[in-house]
Every structure is written in structure tokens, then in C-alpha cells.
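This report looks at how two protein chains meet, and then at each chain in turn. Keep the structure in view while reading.

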Amino acid sequence: MFEGLSLTTIVLFLPMVGLSILLFINPKQTENIKWTAFTTTIVTFLASLLMWVNFDPSNPALQMVHRFNWLNISVGGSVISSDYYVGVDGLSLLLVLLTTFIMPIAVLFSFGSDIFAERGREKLYYLFMLLLEWAMLGVFVVQDLIIFYIFWEVTLVPMYFLVGIWGGEQRIYAAVKFFLYTMAGSILMLIAILYVGNATGTFVLPDIITKVTAPDWTWQIEGVAASSDVTGSLLFLGFFLAFAIKVPIFPFHSWLPDAHVQAPTAGSVILAGVLLKLGTYGLVRFNLGIFPEESIAYAPIIGVLAVIGIIYGAWVSYAQTDVKKLVAYSSVSHLGFVVLGIFALNAQGIQGATLQMVNHGISTGGLFLLVGILYERYHTKDMAAYGGIWKVAPIFGGTALVISLSSMGLPGLNGFVGEFTILLGSLGSSVLGFFYTLFATLGVIMAAVYLLYMFQRVFMGEFKAPAHAHGHAHDAHGHSEEGFSLNLKWNEIAALVPIVIMVFWIGLQPAGFFNVMDKATNQLVQDIQTVQTRVEAERAETSAILTWESTVALVSTAQQGE
Amino acid sequence: MHNETYPQLVPLLIIIPAIGAFINMFWGAKLGERVSGYVGIAASLLSFIISVLIFSYLSAVHGAASVINAPLGLGSWIRMDSIGLNIPWQFRVDTITAVMLLVVTGVGSLIHIYARGYMHGDPKFGRFFAFLNLFLMFMLLLVTANNFLMMFVGWEGVGLCSYLLIGFWWDKRGATGWRNANAARKAVIVNRVGDFGLLLSMFLIFWTFGTFDYYKPGEVANVPYTLYTNGYITAEQAKKGDILAVNPAAESQAAETHGDAHGETHGAHSKPARETLDNSQFAPSRLGVFGQTEYLMSLPEGSPERVINVGGLELDFSVMLFLIVIFMLVGVTAKSAQIPLFVWLPDAMAGPTPVSALMHAATMVTAGVFLLIRANVFLDHAPEARAIIALVGALTALMGGYIGMGQWDVKRVLAYSTVSQLGFMVAAVGLGAYVAAMFHLVTHAIFKACLFLGSGSVIHGVEHGHHHVHAHAHGHGDDHHDAHDEEDSFDPQDMRNMGGLARRMPITYWTYIFATFALAGLFPFAGFWSKDEILADAWHLGFDKGNPIGYIVLGILLLAAAFTAFYMWRQVQMIFHGEPRSEAAANAPESTLWMTVPLMVLAFLSLVGGFINVPKGAPFHGMFKDYEFKHFLESAVPHVTVSPSLYFNWGLALGATFIAFAAIFFAHSIYAGNKAVRGTARRDPLEFVPSAKPIWLLANARMHWDNIYFAVIENPFNRIGKFLADVVDWRFLHDYFHDVVIKKGYDGVGTLLSKPFDKGIIDGAVNGVAWLFKQFSSSLRLVQTGYVRVYAVALLLGVVAVVVVMVLPLLQNG
């Protein structure tokens, strides 16, 4: 089990080590608890940097692999086996880095938060944070479908409790909704995973990919009447739906505003920063990896959903009065770009999308931090209660502007690099093309519309002091801009600084980040192109898209079978 | 004078203003006005000195261009090795760049100095200078970039500074502050519409050429002047091989193989470029976008290489070029305030006046014109697109002049004037008269900056006068910058409150007059020469080549020129002549030296600036010999429409001058003396002329552009947004869909499952899990409410899932 132990496993289980230590700390020793949690996340971060150092970007294969068999059942001559199999390629590594980068920020930001004054239970909170980190890292590094599914489901539990216990007023509704929606998708994915495992005889992803990209591969298994095309489509959709809800892709996004708005700030940061990327990562890794043919066939439809999401998300975001909801809906728009890039199915699109996953984590995570900082002072998320904050807090206002601009895609900051390469990819894509790009680019205008309106309402205009200042402190300075100060706490500043650094770093020198994933995505794109060439040759025969006719045919053949 | 290291200083043009901005951003308030101002001015002046050095170098080498990589190994930006995509941080210094550098840093420095006086006493003084320097940085990035994407960084960066500076006084009390913030936001959004076009243009450029680079390192754009006896280059001429001049092969090879990431610099061309002519050193696909354009256009139509296949479109190269230029034009109409996207510029006058002068008159708004000139190779091969550009420019020139005649706000008149003059430049580009456009860009930067700074001086004076009066009446202190916080019906920018300022502010007056004559195009002021060249080019295109666009544009521009002279003289009458119409105007003092010295310098340049490019046969010709403007530009703007500007067109020049004088005379007869404003309601005299009244009122209402945009775009956009958010997203998807489909569905499945398995193993398992959780922490109760049933079902499904994972393989194969 410990033979061939790799850095990946170490990074993956570091949060668990911290969690175990945390279990033995007295719940009353809050200082020890939070510092243990923070130290754990920082150590994990440093360890993941070590992964980056050890990573060889010229190698497209999995690196820092650790593998051993844990399930091996031989029934009726066929062997069902599942491995503990972890490792990273460029794609995984970037998302691992994103996770380990966001987590210390989220933990640090939680220090001394109001939520503990109201709800207490700090120990439990930090336990869930570490559990969440472990589960998210697991999703990104695991190469076996069964273990992947377990990690995937485990991410739900801590998030469910983070929202449900430390959330806002409608936390229960939001938590349950979050749980139900994600679960609904997961069930279908589970069925698809089982089928894939059965059809290929393995749950190990690289092995599956090798099998399904072979020229004569067929999804048909004995005793099931459906054709390979239909089965492939259904399996593709099984995975797709789970990821689409998680991303979320329009129209599966209606859990998102609740979860985002009700979650405590750190929860929102993790949700936007990392959890949503489980979905986009899954699309790249599983949908594109296992189902290249179906990806090509469905790309035009998914592209349409992505473009609708870009415009719709931005438009709805613009009409919000609740600042946190505004940021939440902006995610729908931004992730529309990511999905568009993924289903452009070319190097520009996928690399841009992957970088944009990181960018969105940083920018939107940053926006949620800003909202959280304001909420702790104003105790409202209604933008009408804010105003003129830039005047009393010039540096904070400037930081907010930088993060908003990064989210808006200002060139020179991180958001632009991803968005631009995605749109570049979608124009050159053989499955999308000019009109997708034309409409998606409208999102660039609309991002400016809602973000600048938000910035103006919150940070410009006449200064409005927090309303509760009337009740609490009766000092004369409470209401006037002269005496008022946001009094940023040290941990709030410490959480924002790395975000701003990354905004500039990725904006000005993204070459290093592209370099990390270059070979891995190139491999993926080449696999897809090989399949595409083959499919185009066979195109005359059948359409891979699941049409009404083929569904009816499937049902009727199934009935006949009985 | 000639030193090869000068072009290597280009990165400093970015770094120095960045440092200035950084210092003032973080320590501006602590440093105080004096130091803060000096830091800002020093950054600007240093940039100016570097620009002069670069200019001198280029003069010495007859305009041979250099390509310089970013220092310190920061040369690569967006880079994907597996597909060979590489967009570097890379500078290009050629003569267009050098001219822009001089304009931006020269006028910029004067305005920095002026702002030192104008912003005196403002609480955000340091921040103002930080933003000015930041603007300088982005503008210099824009003009020195060697690829479209890096240019776009500058393009958006100046837009950001525009946002910051238009809305600089967002903290004014009451509605004013909010209005300022709105104006700033409007500028960004309208410019984003332009970016939409520019981005699409760039995407098409990439998939057509595979690169964003203007020219690759080692590749030189240079055409011997003599090749072009008429306006348009033909494929045959291009093929003769003089289009692409390339340095010795060794150097270009080195440039290609070493890549651009290592921060080494590619050799500046030490020899005059036209001595080394050979384009066979480069494979066509390794050329920059412009070289490839020349190559592709030299191929016969229908050859396979010319078919471009992008994003489902399959087009001939010439059609693709048309699309590229048209999408680019969308970007230009926003940034350079052309129809239909000019609407942000008049509102942008909410910013402090030095900002209006620097960004919204002299430099930033000319970025679009600069881009078109930079892309002159594209334009040359897209005559249809150019015709559209010419018409857009000409109509904008006319419209801007027309609306300018009906405004009361001193800065709004100038704003519409800027719209109009930018129209002249864009029209010139559309005619193919790139040198004329560039020439007008330079002279306009000078005299329009002078006018804006003059108007700022006037506003400053009137404000002072107003507070002087106030101080006497109420015994207040004389801190005029409180005015920004004061709710006051008095508008120091309204020309109806002025009059007779010539006596109170003589320096401002005389500099204003100089710049007005330059703008109106009176001989021998700068504007005369540059405007005349545009008109002469239009004349040439129409009369000598029979192109109808030439006639149309010439006619429209002549009318626009008449409007120009008219509104300027109306303005001069209203501000400076007659009797003061308010106490404030009667008490306005002259501004300080910080402000008047830049005015005098600019006024002097408004007088003599045109002499850099005097055509043959005209007075003052030949003052600059080989360094004459068009000779200087020719290495970077290869396709020059030359003949009309080579020889002075006396008839046209006299005609245009006559029109200008006539318009001034006409305006004088209407507005002279105390006739500028009539009646107690203070109306324009034209409102009392029945035939002129509707025309004037339409101009006064700014042709209802803003109302139309509100009705057609803004209002529907807001309503649809509300509808989508409230009805579609919230009431339908969020509530209805959730309650009816998702929740009912779960309940149904839950009921179904709970019956057969009720007493079974699964129930026990669930209880067991629940028990475990309870042991884990009693906090679970916090989330157990009315939803507990749904929650339980969800967990149940989770358990079922896990069981299935373990069991199904057995069932399947068993």
C-alpha cells in the first residue's frame, strides 16, 4: 500500500493528517483549532508547489503516480477491478494548485468571523473545511472511476453542512437544494460509470481511454439491444448531466444562487473557486476523454447552451439588487465561457478553458471575499445600502476595482487571457465556429455592464455608513465619512493580497501556466482529432446524435426483447 | 545624434510612467501636492526625452524600423508550444510610432504641467497624477506594440484610465457625482461595444494569418516613394519586390530560431532599410500579418492559398480582409468617437479639463485613427471597406460640426468639435490618405489641446470669479475647490455666464484665438495645412481618378469645415467678446503660470505646426527638407496617396479659406458684440429666426441621439434583464421548476422506495448512518427541519448508490 508512495498521495492526504490532529483538540481551544487548520492548508499548498517543481511539462503522461489494487472480483470469467490510482497531468496539476491556493485563503478569512459568534462550533467548521479539501483534491488526482465517484460524492457532505450550519437565513433550503440537485446528476453518472466499467472491464481511466479510442471500439455489450451509438450517447449524457449541474451550465443553474448567497463567505469562495471546477474538470477529463465521438456530435448543442449561459447569466446578474447574487450569477456567465472553450475541442479552446477555470477561481473567489468583508460591516447584501466606499477606503476600493476588472476581462489581468484564448478557439473550432464566437463575444460587453454597475453602486456615489451603526456605537464618527473606517482585519488583507498578485501574474505572464498543461491537452486534442477524422469518414452511415427516432427505436427494441 | 541604442530604450517608456503612477497611487497623499506633481511631471518629461531620442535615431536611419523584446526574459505572453502559438511582449519602433510618441509625450507633458496648476487644492491630487501617468503608460504601450493583442492591452488600458478620470469626481455631492460616475460607465460600455468588433477582427486575423505580429523581427515595411504615382498599389507593383525589405538573412534566421522568449533584442537596423531589399528570405507564412497580406494579394484570385477557411466560413482572402477591416472599424467608431458610437465622448467632459484635453481630444481618441493607419496595408487591399470608412468619417465630421453649433457648454462645443475633427481623420484614412490623416492627427492634438486647456483656464477663472463674488457677499473663504462639493445652480461651464473675458484673461484669450484659427483652417495656422491636405486628397480621388467617394467626401468635408469655423467663432464671441453676462465673468482672474505657459507653447505650435508638411508650390515649402513629415512617415506608411499633396492645389486652398472666412463672418454678424445671447431667457439669436430655429433646436438637442439610444437599447435592455431575472430565472426556474419537478420527483421516488424497503436492511443502514452522524456531532440537528424527509431520501439514495457500486458487478455477471 505504501509501496511507490508518491507526492500526489502525500498532498492528497495532508488535509486528512491535519483533520486527524484537529479531532484531538479541545473544541474550546479555538486558537489552536484555527491555526492547526491554517497550517494544514499552508503545508498542503507548499507540498503542491513541490509537485509543480517536480512536474515535467514536456511529458504528456500522468506523473507522480501512486497505484495499487484494492478491489478485484472475478465472476464468471470476467474480472472487475478497481485501483487506488492517483497521479497528475498538466490539467490536474493546475486544478490541484488552484485548490491548495484557495483553501488557505478561505480558512484564513474565516478567522474571527461573525458566523462563529452566532453559531459557534469552530472545530466542526474547520473539520469540514479540511474534509472538503481532501475530497476536492481527490477528485482532481484520482484516475479510477469508482474512487472518483466516492470523492465526488464526499465533496457534497462538508459543503452541505457548511451551508446548512453556518449559512444565511435560508441556509436549510439552500443546503438541501444544493444536495438534491447535485445528487440527481450524480446518480445518472453512477449508472454510466458502472456501465463503462462493465463494458470496458476496468475502472481505470487511462485504460478505458486506450480502449475506447481504438478504431473498432463499440459500446455494445451482450444482451443489451441498443446500438453502440445510442448507448454511447446515453453514457455521455449521464456524465454530462452530473457535470452540467455542478458547473452549472444553463439551465441547470437554479441551485447556484441559493447556495452561493446562503453560504458563509469562505464557503462561497470555495464553491466558486474550486467546487464548480469539479464540473468543468469532469467535462474535460471524462466526457472528452472517454467519449470523443459523442463530444464531437454534441458540441454544437452544448456550445449553444454555453453561449446562452454567457449572455443569460450576465443579463440576470445585471438585474440583481443583492450583491452576492450578482456575483453568483456572474459565475454562470463566466463558466459559459469555460464550457464553450472545452467544446471547441481544440488546443486554444481547452487550454484557455483550463486557465479560465483557474482565473475564475481567483477572480470570483476574490469578489466573494470583497462581498464578505462588506457584509461583516453592513450586515446586508442589498446594494442600495452601500455607497461611496472607495472614498473612505481608497486601497480597498482600488483592490475591488482590480478584481472586478479581472473578472471583466481587462487585458493585462488574468481574466482576459483565458477569455481571449477561449474565443479564439471557438472561432477556429471545427465543431463551433463564427456564430458561436459572435454571440459569445457579446458576453464581453455585458460583463462590463453588470460589473461596473455593481462597482458604481457599491463603491462610488455618496458614502453610506452601515445602518446598524445607529444602534451600536453612538460615537459621532459612526455615520460621517471622515471618521469612518472599514478597519480591515489583518486576515482579510492577507486573504486579498495573494489574489491580487495572481491576477497580475496570470495576466502578464501566463506562458508558464499554459506550459504546464500544454502537452496533456495536446494529447487530448490529438485523440479527439483522430476520432474525428475517423468519424467523418464514417459519417455517411449513421448520426451519433440521439434523435427522437433513435430513442423510439431503442424503446421499441427493448420492449420486443421482453 | 545617431545612436543605435536609442530604440532599446522603448521599454522604459512603459516602465517610467508605471513607476510614476505607482508612487502617486500609494504615497500621493503623503507626498503632498508639490512632490506628487513633480513626480508625475518628471515621469512624463522623461518619456518625452526618450521619445525625442528615438525620433532622432529614426531620422538618422531614414525611418528603418526596430523590433525590441521586453527585457528581463519577460518576452513571452500567451504561448502554447504544441500548436506554435506565440504572442510576445514585443515593441516596434517605426516612424508612425515615433510621431505618436512625440505627440503623446509632448502634449502629455504640457498637460501634466498645466494640471499641476489646474488641480491645485484638489483632495485627490496625488491620485489624479497617478491616473495621468497610468494613462501615459497604456497609451505608449498602445503605440509601441508590435502585435494587435499587445496593442489591445494599451487600447483597453487607456479605456480604463478614461473610466477612472471621467468619473474622477464621482464623489461630488448630490446628483453631480452620480452623473460623473454614469458618464464614466457609459464610456466603458460604449467602448466595450467597440471592443466586441475589434476582438472579432483580431480572431479573424489570427485564423487568417496564424499570428498577430504586424511584422516579424527582421522584416521591414518600406516602399520607395517613386513606385507610387497614383493612389493605389497594384498587385504588379507589389510583386516587383520593393514592398518587403528584409535584413540580411543571418539576422532574420537568428530571430526565428532563438525565439522571442529569451528577452534578447533583435537588431535595430543600422542601415537605411531600402538598401536591403529581398523578401525571399522569409517563407510567406512566416511573415507578419501585413507581409502576408501583400503576398496573398499578389496571388491571382482563385488560387487555393487565397481561400481562407475559418469557423465555418470559406472566403476569398479579399473578402476576409473586408470583414477584418469592417470589424476593426466598429472598434474605431467607439474609441475615436465616430457614428454610431460617439455618444460617450460628449458625456466624457464630466472629467477634469486636463483629462479632456489629453485623452478626449489629443491622444486617446486618436487611437482608432492610429490603428487604421497602422493597418494601412489591410485597408489598401480592401477598397470597399475603405469607402465605408470614408463615408463614416465624413458624416461624423458633418454631424459633429452641426451639433457643435447648438451647444451652450463650453466643453461640449469642443467635444463635438473633436468628434467632427476625428471624422476628418477617419475620412482621410478612408480615402487612402494616411499621411494626411496622421498630419491632421498631429496638428489637431496641438490646437485642440490648446483649446481645451484654454477652456479649462476660462472655467477656472469663472469659478474663481464666482467665489470671489461669493466671498464678498457671504464672507466665505476663497477655496474654490469646495466648488466640487457644492450644490449650486451656477454653471461655470455655461457660455451664457461668460462674455468679455478677453480683457480679464488676455493670455488665455490670445492663445485661444490662435488655436481657433488653426481649427478653423486659416492660413498659415497648423490646421490650414493638415485640413487642406485631406481636402486635396479627396479632390484628387474625385476629380483625378473619378471615384465618386472622392466627390462625396469632399463636399461633406467642405460643409463640415464651414460649420467648424462657425461654431468656433460663435464660441469666441460668447466667451471673450461683448460685455460680461455674470458677476463671475466680470471678476474672473487670469490663471497662473502653471497653466498659461503650456497654453502659450501650444498656441505657438498651433501657428507653426503645419510647416512640417507644406506641399510643393505653397509658401513655406521646404523648411524641413528631408525631414519633412511625409518623407519621414513613408517607411512605415508605404502606400501614400501622394500627388495632390506633392503639389499645392491653389484653387482648393483658396476656396476652403474663403469658406472658413465666410463662416466666421457669418457667425460674427450673428453673435458679435452683445448679441451673443438674446432676451431674458438667454436664448441663441438663431432661435429668433423662424427658418433657422428648428435647425438650431435640433443641434441643441444633439439630434436626439441619446434619447434614441435610451429608447431602442438601454430601456429594452433593462426591462428584459428584469424580466429574465424575476420571471424566467426566479419564479419559473428557481421556484416553480424546483417545487414541481425536482422536489415532487424526489418525494415520489422516496415514497416509492420507502414501501418495499421500509423494514428492510436499508432502513437499518440508514438508521445506522444517522446514528453515526449523531455520534459525530449533535450539530446535525441544526439542519434538520421540515425538509428532513427530503434530506433522508437524499441520503438514502446515496447509500443505495454505494451499495449498487459494490453489488452490481456481481449481479451483472452472476
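## Salt bridge and polar contacts

In this predicted model, the interface of chain A and chain B holds one salt bridge. Lys391(A) and Asp171(B) form a salt bridge, with 3.3 Å between their closest N and O atoms. Such a pair counts because a side-chain nitrogen of Lys or Arg lies within 4 Å of a carboxyl oxygen of Asp or Glu.

Polar contacts between chain A and chain B come to 21 residue pairs, counting pairs with both residues at pLDDT 80 or more. On the side of chain A that touches chain B, helix H19 (residues 434–459) of chain A gives the most, with 16 residues. Sorted by class, that side of chain A has 61 nonpolar, 25 polar and eight charged residues.

## Extent of the interface

Chain A brings 94 residues to the contact, and chain B brings 85 residues. About 8,400 Å² of area is buried between chain A and chain B. Carbon and sulfur atoms give 74% of that area.

## Confidence in chain A

The average pLDDT of chain A is 87, and 90% of its residues score at least 70. In residues 470–479 of chain A the pLDDT is below 50. This stretch has nine contacts in the model beyond near neighbours in sequence.

## The fold of chain B

Chain B contains 29 helices and eight strands. It has 814 residues, of which 61% count as buried.

Among the contacts in chain B with a separation of 6 or more, 80% come from residues 24 or more positions apart.

Conventions
Residues are numbered from 1 along each chain as its sequence is written. Chains are lettered from A and ligands numbered from 1 in the order in which they are written. Side-chain values use heavy atoms; hydrogens and water are left out. Contact means heavy atoms within 4.5 Å. Buried area is the accessible area (1.4 Å probe) that two parts lose on being put together, summed over both. A polar contact is a pair of N or O atoms within 3.5 Å; within protein, one must be able to donate a hydrogen and the other to accept it, and residues adjacent in sequence count only if both atoms are side-chain atoms. Helices (H or I, at least four residues) and strands (E, at least two) are DSSP runs, numbered from the N terminus. Ala, Val, Leu, Ile, Met, Phe, Trp, Tyr, Cys and Pro count as nonpolar, Asp, Glu, Lys and Arg as charged, and the others, Gly among them, as polar. pLDDT is the predictor's confidence in each residue, from 0 to 100. Buried means under 20% relative accessible area, exposed over 50%, partly exposed in between (1.4 Å probe, protein chains only).
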